[in-house]
Amino acid sequence: MAILPGHMEGISGATVSGYNMGINKFISEENINASIVFINFIFSREIQKHYVENNMLSTGMNQLYKDREVCEKIDCELYNSLQILSKQTNITFNIDEYNEKVKSIYNKFIYGNESAEMVLKEIEDITKIYYISLSTEDSYIGLVAFIVYCTTSALMIVSLLFLFKEDYTPFFEFLPTDFWIITILGEILILSIGISGMGQLKEELCELKPIFFSFGYTFILVPLLYRLIINFPEEIYFPKWVYRHRYQFFLIFILIDFLLNSIVLLISPFKIKTINVKDGQNFNKCIIRSFFGQVILWVQVFYILIITIIILSLSFIEWNLHATFYDIRFLISALYIDILSSAIYLFLESITINNYLSYYVVRGSILFIMTISNYSFLYGYKLFSAFLKKKNLKLVFIKKINKNFVDESDNSREKSAPYNTNTKIEGNVSSMNTLDDQNKSSTDYNNDEFRSYRRNSIFSKVLSYHYTTEGYSVNDIGIQIYDEDNEDKDNSISI
């Protein structure tokens, strides 16, 4: 008998195992004392020496392998050269099954055509836990995902600089500047959920996912909710309060998130589960350990769902308002993609995927699609429009002033000519009357159309809001900017 050879001289290995012994704590004190006497007897030097000399067991008393009498009967040099390793009982749930797998894989090399490299890889895969990392030893996916995350996040942050350029500000009037920044941070938090799964999985990392999810969606949805509330097409108190106290309004939702996430951290609902893949690559995943933990996480989901439903309802009410006509349509597109992506993501959490690369890539791709769609429909298209249509606001303002000055001069000269005065006045009165008649006719038509919907029910009132094109808004304060493309048309741009 000899020690196992290692890959370097002087390196070997030997598996050690033993027996477990225990004493029942419910037995009488007399039996406890008897048990102590028995244990002292079994582990005494004399009894251990007797067993070793007669090859009845291998003892843990290393000094016995230096005893002259013992070494005359057994190979003490072999025992003293052993490099002890414990069995892998903490990784595989069935050590006998593990041993059978190792033997069958060895036979592929000894009796088959498998290379030593392939055989050792298969043996390693029995107990190895795979995970995504920046290392390219097993896969390049972790490195690629990290580069994509960093690049996307950096581009989003850099694009915020355009909020502070004067020529671009009219295109981002849908939200205040600080709320645009909060929205982009929310999108980065959603994207970060995928990166939180890199490296060896721990319970702390599992708890980060619902935290990033809840705060990320709050940062995205609450600014949109704020805008839709203050854009409500009827003068009521609540939109005014929200407009004047937007930080307090935002803080209410942040406090709700803090409360829910504090409960998550307190109860620590997650645990790590190892997915053992037969003839494949094992990996870990986060699972919820208790029913109460599931309840808290579903409360977070329903909380976000309620905000989404309110936003969809307000979007329907304000669907035809000219001030936010295109903004609402892009907003709805982003929300629909979010709802679909979130449903797919939650569904994937309930099924088993036995490939760790697919498990990571599919979830990461869904989060990436959600982030890019939110950014594109809420912020990106505005940035694109600004690149195509931006104007020098100072120059436009100066031209507007000059035009008004010229118009006033012409009016003064016309007033100083007596023979034109009556004609001009009559013409103006006639034009104004014609315009008033047109407006009145148009208004009467709209009123007739809306009157058919105006009933005492809430549903009919909602429909009347839905078809309203102009309405009260606490954010209506703006300035008139001269449109170079049409000298006869003024555009109202809120800044």
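Mentor: First, a term. Helices here are DSSP runs of at least four residues, numbered from the N terminus. Keep in mind that the model is predicted.

The structure holds 12 salt bridges. Let's take three of them in turn. Side chains of opposite charge can pair when their charged atoms come close.

Start within a single helix. Asp125 and Lys121 form a salt bridge through their side chains, at 3.1 Å from N to O. Both belong to helix H6 (residues 116–127). They are four residues apart, so about one helical turn separates them. Lys121, at 32%, is partly exposed.

Lys49 and Glu69 meet side chain to side chain in a salt bridge of 2.6 Å, N to O. This one links distant parts of the chain, 20 residues apart. Lys49 lies in helix H2 (residues 45–53), and Glu69 lies in helix H3 (residues 68–71). Lys49 has 17% relative accessibility, so it counts as buried. Glu69 has a relative accessible area of 40% and is partly exposed. A network of salt bridges links Lys49 and Glu69 with Arg45 and Asp67.

Now a pair with a wider gap in sequence. The side chains of Arg289 and Glu203 form a salt bridge, 3.2 Å from N to O. They are 86 residues apart and link distant parts of the chain. Arg289 sits in the loop between strand E5 (282–288) and H12, while Glu203 is in helix H9. Arg289 is partly exposed, at 42% relative accessibility. Glu203 is partly exposed too, with a relative accessible area of 31%.

The axes of helix H9 (residues 203–230) and helix H12 (residues 291–317) come within 10 Å and cross at roughly 20°. Angles under 35 degrees count as roughly parallel. H9 and H12 are therefore roughly parallel to each other. Their crossing is left-handed. What classes of residue make the contact of H9 with H12? There are 15 nonpolar, five polar and no charged residues. On the H9 side they include Phe213, Tyr217 and Leu221. On the H12 side they include Tyr303, Ile307 and Ile311.

Terms used:
Residues are numbered from 1 along each chain as its sequence is written. This is a predicted model: local features need pLDDT of at least 70, side-chain atom pairs count only at pLDDT 80 or more; totals for chains, interfaces and linings use all residues. Side-chain values use heavy atoms; hydrogens and water are left out. Axes are lines fitted to C-alpha atoms, for helices over the stretch in contact, and angles run from 0 to 180 degrees between N-to-C directions. Helices (H or I, at least four residues) and strands (E, at least two) are DSSP runs, numbered from the N terminus. Angles under 35 degrees count as roughly parallel, over 145 as roughly antiparallel, 65 to 115 as roughly perpendicular and the rest as oblique. A crossing is left-handed if the near helix is turned anticlockwise from the far one by less than a right angle, and right-handed if clockwise. Contact means heavy atoms within 4.5 Å. Ala, Val, Leu, Ile, Met, Phe, Trp, Tyr, Cys and Pro count as nonpolar, Asp, Glu, Lys and Arg as charged, and the others, Gly among them, as polar. A salt bridge is a side-chain nitrogen of Lys or Arg within 4 Å of a carboxyl oxygen of Asp or Glu. Buried means under 20% relative accessible area, exposed over 50%, partly exposed in between (1.4 Å probe, protein chains only).
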